[in-house]
Amino acid sequence: MIQTATGSPWAWVHSEDEARALAQEAVDLALHRGATYADARLVEVLEERLYAASGREPDWRLEQVVGLGVRVLLKGAWGFGSRVLGPASQGIEAALAAVEMAEAQVGPNSAYLDPLPAASGHFRTPFAVDPFAVSASAKHDLVAGLLREALANQEVTRAVAGVNAKRQRRCFASSEGSWQVQELVETGGLLQVWAALDGEVQRRSYPNSFHGNTSAAGWEYLDELRLPAELPRVIDEARALLRAPILAPGRADLVLGPAMTALQIHESCGHALELDRIFGDEAGFAGTSFIRAEERGKMRYGSEAVTVVADPTTPRARGSFAFDDEGQPARPAVLIEKGVVRDFLSSRETAQRIGRPTTAAMRADGHSFMPLCFSTHVGIQPGEGDLDALLERLGNGYYLDMDRSWSIDERRLNFQFGTEVAWEVRRGRRARLYRNASYGGVTPEFWGSVEAVAGPETLQVFGLPCGKGEPKQWGFVSHGAAPILVRGVRVGVAG
Amino acid sequence: MIGSKPRGGDELTGRLEEALREAGEDGAQAFVTIRQGEHTRFAGSRVHQPQAVEEVQLMVSVDRGGGAARVATSRLEDARAAGREALRRAAALPPGRSQAPNAAGAVTGTFNHWHEDTAAWDAGTRSRLAAVAMTLAEAAGATAHGMLSRVLVEMATARSAGSAYVSATEASATLLVRQGGGSAYRGDLARSVDQIAVEELVRSALAEAAAARDPEPLPPGTYDVVLGPLAVGDMLTFFGGMGFTGEAVAAGAGAVARRQGEEVASALITVADDAISLGVGLPIPFDIEGMPKVHVPMLDRGRVRGAVFDLATARAAGTSTTGHAHIAREEAPCPTPANLILRAGSSTTAELIQGVDDGLYISRFHYTRMVDPEASTFTGVTRDAAFRIRRGSLEGPVASARFTEEVLGILGRTDGVGSHLVSQPIMNVWNGVASAPSLRVRGFRLGFR
């Protein structure tokens, strides 16, 4: 059944009772086969994407996935199995696969979970306008108009406009008695323009460069983005960059715009504070962290101005939810308080190793994969004042925003980021535009050089995909970010 | 076998044909991809992520010249419904400016890249190998981290002209050994697990990790280097971004559009996208549009040659598809190099090292990203084993360091090519693999610029 109407959210599994029976059957089978713990996630995803790109006709796609993932703990060994759901009993097969994967491990195995009380509940993303109920013509007119207008400009050689929407129904049952149903809705948009002149190519993006931006909201978020109104500025800046000088190497004081601050949080705070990385579980692929678990409460990570909080209860944030993918209730957790590490992005298993409650950061890509520690909604706490006030405080330096390239080492220590735009700031006011800006540094030194964070009125939420794990799976996370003022940063490091 | 059995060509092409009947055969196309993966992932002293993962996507596309309306489902039983919905959505697309893509020459038939040795590489066997790696590492005062995987792959496509089906296996092994502040990494993948010498990977990673202990910081500067096959393969993954795609050609950007025929690399360098040369990477005969994969020369003895195309970009460029249709997650469809090969030379890695008087051996890069596609500039850090080379021999280990370099600059300053190809997956590309040998490169810059 392909169902795009907005009426019943139950597209394949026809009722909550049916979903619960499927998930519980898988859990019960695992227990019958000897598991001491089991959980089952039944996930239905409906995702729509429409892209208009230069050089090709529009591409409009609707993707639906429904499946069951089962995780078991059996004789001290983990096992995970997933199956797409069809008319046959693939839920049972997923449970059997999980059990057999656990049984195949060479012992002795010593994984365990401290028992926790059941947590049950229902959650639905609040939204005003169901993005799947918006007419096709409204979506096509929007992206086609953006593309047409962008390409009508001299020097614009390439453009992409896109909109996206996703609805997920995530059901969770565990052998501890939890039963949870979450309906998560998100909507996003993307606009990118490339301008070229004499071999020089520059790109400008809105609202963000990496996959645009996606909010836990309905179509009202697209309206708020005001893509058509922003397009002329995006085009003007892409063209102006063609004639801008290159930002020269040196040290400078910087204000990073909210999009760039979000990336900085993602790469050098979020990943560095994932407790599975800290324990070496990701060493073979994504890497480790420069932080050690025993440094919690002691390690100075940044300046007094830096407080970073994981709060998956934040409204309209893509990384928010009511329960993570091992069924733990979302709650705010201070990760960095006035520059000192206070907690980590953790799972039950990793948190119990440090004698802490989990911060509910165990997340999986749909039903298919075993959950890992991912960012949730991780954001910097705002300070005071608007952007102009922060630039005034900066005095002389540069204002950089929106990532163009990004790289960080496997310990999340040595980073180099490029930005789409850089404005010189002279006596607190934006002046000349520069192209090919880049900056780099070492994580704790960088955050230790943060002098101020702009106020709550400047805070923006950026939702983005993130890759982790082997086999790689996607996490969908978000970051709350306000502009930050950083002193003495190396700039022009990419040549 | 834990994974479910392959569905088989009859079932899959049958489902696709059902979908096409509903979609109307004019401009309609459908594919299904299935990956049944078993992954034994380990870290330290335990298998911490043993997974049996099934991924299924059946997608129906209707393109009558106004763009593509695609509907995908994980439920093969919903093939007809997907076809109907794709047709309904195609009718809602605005009138197109161009003709429907020309799919003449679509592949039909059944193809087999299935290897029983891989299919039989079960969770128990992989678990025992992981245990051996972890035990040997522990005995050496090290820790082992990695993954041993077996994936059963099926892909089918259908158009009005007929259908095609391929079944394949995929085996891969990765291993990182950490010891004394240093580390060493090994990885390989192939259709047949017999082509992956897992025990040798373990042995050599342990030996290299022992040599890589206590790495010294490396002063920024310019060095003659020998890049290991995994570092070179990482560079190949930027060829798409550097302009070797139909999308870049249409935009007049990148190497193929702007430097066609120009000598941009050493005459020792030949790079192609080739999914049909059996035995290298992960061969596969056709893409998700059902079009044949063809050999695409990108750099021929250092000169810029061709780009990869899908039907849409080929239509825009007035050329033929090369069988490189790709739909990445959360992105617009774009033709994508997926089976990159840098042609092997005749030197062993040891011989390449002997040709360096004062320099470095770099086994691997990490977190590389394109900085400037036109200039082919990319940045990243060295990761895992890296050593000083003095007078043609490896000496002490050196620590991770940042670099910002030009891919074509590196290939232009290459004066030696290794004889042994190693394959690695290309992230976010379905059946994506890059296969490369070692290279000796003069004047590689390390440190912030």
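In the predicted model, the contact between the two chains takes 84 residues from chain B and 80 residues from chain A. On the side of chain B that touches chain A, the largest share comes from strand S2 (residues 46-63) of chain B, which gives eleven residues. Divided by class, this side of chain B has 34 nonpolar, 28 polar and 22 charged residues. Pairing of strands also links the chains, in that strand S2 (residues 59-74) of chain A and strand S3 (residues 68-73) of chain B run parallel and are joined by six bridges. Within this arrangement, A:Arg61 stands opposite B:Arg70 of S3(B).

Chain B itself is divided into domain 1, covering residues 9-211, and domain 2, covering residues 221-446, and the centres of these two domains, taken over C-alpha atoms, are separated by 22 Å. The contact between them takes 30 residues from domain 1 of chain B and 25 residues from domain 2 of chain B. On the side of domain 1 that touches domain 2, two or more residues each are given by strand S1 (28-44), strand S4 (109-113), strand S5 (143-159), strand S6 (162-179), strand S7 (182-190) and helix H5 (198-211) of chain B. Of these elements, S7(B) gives the most, with eight residues. The residues on this side of domain 1 divide into 15 nonpolar, ten polar and five charged.

An open sheet of six strands is also found in chain B, with the order S17-S16-S13-S8-S22-S19 and mixed pairing. Strand S17 (393-397) and strand S19 (414-417) of chain B stand at the edges, each with a single partner strand, so that one side of each is left without a neighbour in the sheet. On average, and with direction ignored, neighbouring strands of this sheet are turned by 40 degrees against each other. Strand S8 (residues 221-227) and strand S22 (residues 439-446) of chain B pair in the antiparallel sense over six bridges, and B:Gly221 has B:Leu446 in S22(B) as its bridge partner.

In chain A, helix H9 (residues 387-394) has A:Leu390, A:Leu391 and A:Leu394 as its buried residues. These residues lie on the same side of H9(A), because they cover an arc of only 100 degrees around the axis. The buried residues of H9(A) pack against several strands of chain A, including strand S9 (250-256), strand S16 (397-408), strand S17 (414-426) and strand S23 (484-491). The helix is followed by A:Gly395, whose phi is positive, near 80 degrees.

Definitions and conventions:
Residues are numbered from 1 along each chain as its sequence is written. Chains are lettered from A and ligands numbered from 1 in the order in which they are written. This is a predicted model: local features need pLDDT of at least 70, side-chain atom pairs count only at pLDDT 80 or more; totals for chains, interfaces and linings use all residues. A residue is buried if 20 or more other C-beta atoms lie within 10 Å of its own, exposed if 12 or fewer, and partly exposed in between; C-beta atoms are placed from the backbone. Helices (H or I, at least four residues) and strands (E, at least two) are DSSP runs, numbered from the N terminus. The arc is that of the directions from the helix axis to the C-beta atoms. Two residues are in contact if their C-beta atoms, placed from the backbone, lie within 7 Å. Domain bounds come from an automatic or database domain assignment. Ala, Val, Leu, Ile, Met, Phe, Trp, Tyr, Cys and Pro count as nonpolar, Asp, Glu, Lys and Arg as charged, and the others, Gly among them, as polar. Two strands pair if DSSP finds at least two bridges between them. Axes are lines fitted to C-alpha atoms, for helices over the stretch in contact, and angles run from 0 to 180 degrees between N-to-C directions.
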